[in-house]
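This report concerns a single protein model and the packing of selected elements within it. Please consult the sequence and the coordinates alongside the text.

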Amino acid sequence: MSFWPKMRRAAAMVVGAGGGTVVYWYASQTINERKAFNSWTTNFKPSEYSKWDYNWDHREPKSLVEPISEMANPAVQNRFNEKLDKKRAKVTRHLILVRHGQYNMEGKTDAERYLTEIGREQAAHSGERLKHLGIKFDCIVRSTMTRAQETAKIMSLSLPELKLHDDAMLEEGAPAPPEPPVGHWRPEISQFFEDGARIEAAFRKYFHRADGQEKQDTYTLVVCHANVIRYFVCRALQFPPEAWLRISLGHASLTWISIMDDGRVTLRTLGETGHLPRELLTR
């Protein structure tokens, strides 16, 4: 198909969306009008985040192997390629992030912020949902905060073969000053400074492509908190980190992120709550 028929099709699409007289205008336009139309149809300005950084986890094979000259002899090139292959991931790494269930908001200490009856039911449903997926999970990693500890323990009743691992880096916090800001929620800058470093460290610990020696896909369950998960999603997709508060996640929701062997990242589900009865949907 030539260039101008493509433009006619684009104009027809605009008419189909309520564009009015675009096709008629196109048929009678001058050269200058055509240039204006072309400019209008490509009026997209990529953001600074538009280009994917394949070495975001610093595990791009070529960044891990000492480079060689393009003029190197075949024997040297073969050894270089062998080293690259050993470093190259061959499987996909899956992370299923689970937000804790509803908890006692009146609690003044972490110990008092235990799951409500609804929260316990939510956790049980999430455990059953994961069980019915028929996936061989590796383990359950959980935040050390009470609500996450209880959620993971209830979920593990449906997945008794999995070991529970605690990680304080996954605790709730303020990852970064959000944009746009929220009027009723303004932590001290020092809180962003402290929490942000910890949550970023947790991201780097769990989000990376598989090791070159791994032979099969891995599936890790991470039970933690809404702010942490939202920040992880933005970082993994290379979205602006300050956009984390634009995402809303329900209690006991499931978020599934896959890290491909070449460093690409796919968000399979975000805040899935379809496994919960309507009366258990809370945020």
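**Overall make-up**

The model is predicted, not experimental. The protein contains nine helices and six strands. It has 283 residues, of which 43% count as buried. Among contacts with a separation of 6 or more, 70% are between residues 24 or more positions apart.

**Two helix pairs**

Two packed helices are described by the angle between their axes and the distance between the axes. The table gives these values for two pairs.

| Helix pair | Residues | Axes come within | Crossing angle |
|---|---|---|---|
| H6 and H7 | 117-132 and 146-156 | 8 Å | roughly 45 degrees |
| H8 and H9 | 189-206 and 226-236 | 10 Å | roughly 60 degrees |

For H6 and H7, the axes cross at roughly 45 degrees, which makes H6 oblique to H7. The crossing of H6 with H7 is right-handed. On the H6 side, the contact involves Arg-120, Ala-123, Ala-124, Ser-126, Gly-127 and Leu-130, and these meet Thr-151, Ile-154 and Met-155 of H7. By class, the residues of this contact comprise five nonpolar, three polar and one charged.

For H8 and H9, the axes cross at roughly 60 degrees. Helix H8 contributes Ile-199, Glu-200, Ala-202 and Phe-203 to the contact, while H9 contributes Val-228, Tyr-231, Phe-232, Arg-235 and Ala-236. The residues of the contact of H8 with H9 divide into seven nonpolar and two charged, with no polar residue.

Where is His-225 found? His-225 lies in the loop between strand S4, which spans 218-224, and helix H9. Is His-225 buried or exposed? Its relative accessible area is 0%, and because the cut-off for burial is under 20%, His-225 counts as buried.

The side chain of His-225 is joined to that of Ser-143 by a polar contact of 2.8 Å. Leaving aside residues up to four places away in sequence, His-225 touches Arg-99, His-100, Ser-143, Met-145, Arg-147, Ala-148, Leu-170, Glu-171 and Glu-172.

Definitions and conventions: Residues numbered from 1 in each chain as written. Predicted model: local features only at pLDDT ≥ 70, side-chain atom pairs only at ≥ 80, totals over all residues. Heavy atoms only, no water. Axes fitted to C-alpha atoms, helices over the stretch in contact; angles between N-to-C directions. Helix = DSSP H or I, 4+ residues; strand = E, 2+ residues; numbered from the N terminus. Contact = heavy atoms within 4.5 Å. Nonpolar A, V, L, I, M, F, W, Y, C, P; charged D, E, K, R; others polar. Parallel < 35°, antiparallel > 145°, perpendicular 65-115°, else oblique. Left-handed = near helix turned anticlockwise from the far one by under 90°. Buried < 20%, exposed > 50% of the residue type's maximum accessible area, 1.4 Å probe, protein only. Polar contact = N/O pair within 3.5 Å; in protein donor to acceptor, adjacent residues only side chain to side chain.
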